[in-house]
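Dear colleague,

I am handing over the structure we spoke about, and below it I have set out what I found when going through it. Please read the notes alongside the coordinates.

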Amino acid sequence: MRRKNVSAATLASLLVVMASGVLLTSCATGGGAGHDLPLPVITLAPASASVPTGGPLQFAVTVVSPTSTTITWSVDNILGGNSTLGTISTTGLYIAPATVPNPSTVTIKATSSAETNPYGSAIVTITPPVVSTVAVAPADSSTLVGTSVQFTATVTGTTNTAVAWYVNGVAGGSSTVGTISSSGLYVAPSSVPSIPTVVVTATSQADNSQSASTTLTLTVSNSAPLFVNFGPNGDTGSPNTTHYNGLFTSVTVCLPATIDCQTIPDVLVDTSSVGLRVLNSALTTVPSTELGTVMDSTGNQVEECVQFADTSYVWGPVLIADVAIAGEKASSIPIQVIGDTTFPVPSNGCLSLGSGPSLDTVEALGANGILGVGSSVQDCGPNCAAGQIFSGYPYYVCPSPSYVCQTAYLPVVRQVSNPIAFFAKDNNGVEISLPTISSAGAPSLPYTNAAGTSLVPAGLLIFGVGTESNNAIPTGTNAPTVYALDENGQFEASYVHDNTTYQWPAFLDSRSTALYVLDPTTLSILTGVSTANCPDNGYYCPNSTLTLSSIGLTGYGNVGSGTITLSIANADTRFANSPGYAAFNDLGGESGNGLATDYFDLGLPFFFGNNVFVGIAGTTVPNKVSAPNGYVAF
Amino acid sequence: MRTFWGVLLVLILGVVPGWAALGEMESSVSADQQFLRGQVREEVHEGYKLHLITDASGGVVREYVSPAGKVFGISWQGPFVPNMQQLLGTYFTYLQQYAQAQTGRHGGPLVIQRDDFVFTSGGHMRSSYGRAYVPSLLPTNLSPEVVQ
């Protein structure tokens, strides 16, 4: 039925077009063709077009000989059209229907009110919606169990912006993973699911092949999500400058004893340092000038210089703030603000100055701050409280009138402090739990694809050890080994090769981007895999992935003994095969340049697929072993 | 594993002018001692002399002196990274130059292995350790492994 109309209309259209020239010619020659007045000739532009459902299409009508006539518009001969075929206004604006009609073409006519109702026509093909994007917000967020999150979906390319919502692929979700309403209101479950990260997906109702997904990580008051990504500097496109394996969380800084707070994202989580250090530039709504000050015994404002192992350093004042992470808060503790230039970096101290970079910008630090959750309560301790100043001493004052900075003693209670140790509860240590990732790496933690069909969960930073139902050190067959730490916060690694036992210091360092262990020559000898550094980026590039199995670990005073296995891949191969990936579990790098100077800096790759406990010095170890300097367990 | 054939001399040196640093003459050790505010012990080993400077925090700086009287190697162990400008002297510029060439790694140790300068710095807060030596200044037949 409709096909016939279309054919007729097409034919009519052609006739009109063909006739127009003929009629104009005949008019010009004065022929009346039996009419007293010439009939108007009407043409439409475009003569044919495609438009997606819901889309607009403006027609232009040209009327000649004479031009004075009234035009009416129709769709498939229905004046003004309708919701099935689309509508057309008195000015020729066609709006396609919300769904594709059957058949998918309609005829637009502009008809003259003159005698015989001459008309011009055009053919319109209505196409399926062009959903160019679906986006879901907020992206990769976290929320406490039992709370709700309003998600929004933005659909472009179609007027039908309705979406269907899914949690972990289940329409509307479930009580286990949380529910989501048709308006995108997500209600978290009452407890953290076995995989703490869920996938929220919005699928376009106009085109259900189009969807977008994001992740939501569920926490409780003593746990914060852990993200692994490139950080605020992103992927530079070059392995030589890209910051892989960055472990991040968010930290809230408040003016002491107030609700004036600012949540700072992208703060590195570091088991090898202690205390919160934030960039001055990251403190915007809570400016550093409004934080409490810390004075030494002479009443001068205290500044600090911390040199890291790679000889980079941070400089800035020690200030008092409330520090909140997840649902826990440390009240009025000393933190360091990096890059406050009230006092310049002292040339007579902070003295490796110039060898490594000053990490005083986001670009240099690759983060907004560092959250040190290591095994001590303060960053320096009794050594900085009295006695003698030593090389690399961190605390300074810069008194008037010269404002020349000089080293200063600082009682331990005023030193930059481990926020966890000052929480009201869950203050005896942390657990870092990261999921297993593929040896090919992962784009990020968390990660899900657009369809929501794959998931790499976020990790969790859990406060307290053995203080809550979620942070007990497992017992029985899953029990980890508790390694007591020596006075330097380290334990010992050993390896047997050719009946010789080699020993090195070892420590956990979640801020290290790789397993910084041994050196190329030693690795080649121990594993038989020819190993060298990559040409440009300082990671290991062995000929093939090498495995160091049965590495012995021993805690201080022989408290804790076990073995681990480390795999180290060719970093350049990993980067080349997994472009855009930020997380890798087998990056390695040299720690020394010979057996005598090597050690085991167990960086972030060690944490993937692991639950690592870090116990603060002076706390009671859950299994009652002796660990006066703190412990690690995994 | 290290074998000392003898520790011949233990003394506290007096203060003399001059800087102690890698590549400089032995007399400069005293300046390091002054700077580090530590106690110096001198040991004579086969093929080299060793000055140990121990400070109040328990940190130790070792300076290795060749028979020609030059400091060919330095190592350190202490709570924080020590003053490299002081310990490395003119070789501090080597550290600056070579450290900047290593760009990919983050958060871990610094290892420099060049023909004219070898340097490692590692550890973590409250525990810093490392060493530096100049291969060309190494006494004949002495392994760089002595610098540790």
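In this predicted model, the C-alpha centres of domain 2 and domain 4 of chain A lie 34 Å apart. The two belong to a division of chain A into domain 1 (2-127), domain 2 (133-219), domain 3 (224-427) and domain 4 (431-633). Between domain 2 and domain 4 of chain A there is contact, with 15 residues of domain 2 touching 10 residues of domain 4. On the domain 2 side of this contact, strand S21 (197-204) and strand S22 (211-219) of chain A each supply at least two residues, and S22(A) gives the most, with seven residues. Sorted by class, that side of domain 2 of chain A has five nonpolar, nine polar and one charged residues.

Strand S23 (residues 223-229) of chain A is largely enclosed by the rest of the structure, because seven of its seven residues are buried. S23(A) is joined by four bridges to strand S37 (residues 459-463) of chain A, the two running antiparallel, and here A:Ser223 has A:Ile462 as its bridge partner. S23(A) also pairs in the antiparallel sense with strand S24 (residues 246-254) of chain A, over three bridges, where the bridge partner of A:Asn229 is A:Gly246.

Lastly, some words on confidence. The model scores ipTM 0.86 and pTM 0.84. For chain B the mean pLDDT is 80, and 78% of the residues reach 70 or more. Confidence in chain B is highest in strand S6 (residues 118-124), at a mean of 95, and lowest in helix H1 (residues 29-36), at 61. Over residues 1-19 of chain B the pLDDT stays under 50, and for this stretch the model has 30 contacts beyond four places in sequence.

With best regards

Conventions. Residues numbered from 1 in each chain as written. Chains lettered and ligands numbered in written order. Predicted model: local features only at pLDDT ≥ 70, side-chain atom pairs only at ≥ 80, totals over all residues. Buried ≥ 20, exposed ≤ 12 C-beta atoms within 10 Å, placed from the backbone. Pairing = 2+ DSSP bridges. Domains from an automatic or database assignment. Contact = placed C-beta atoms within 7 Å. Nonpolar A, V, L, I, M, F, W, Y, C, P; charged D, E, K, R; others polar. pLDDT = per-residue confidence, 0-100.
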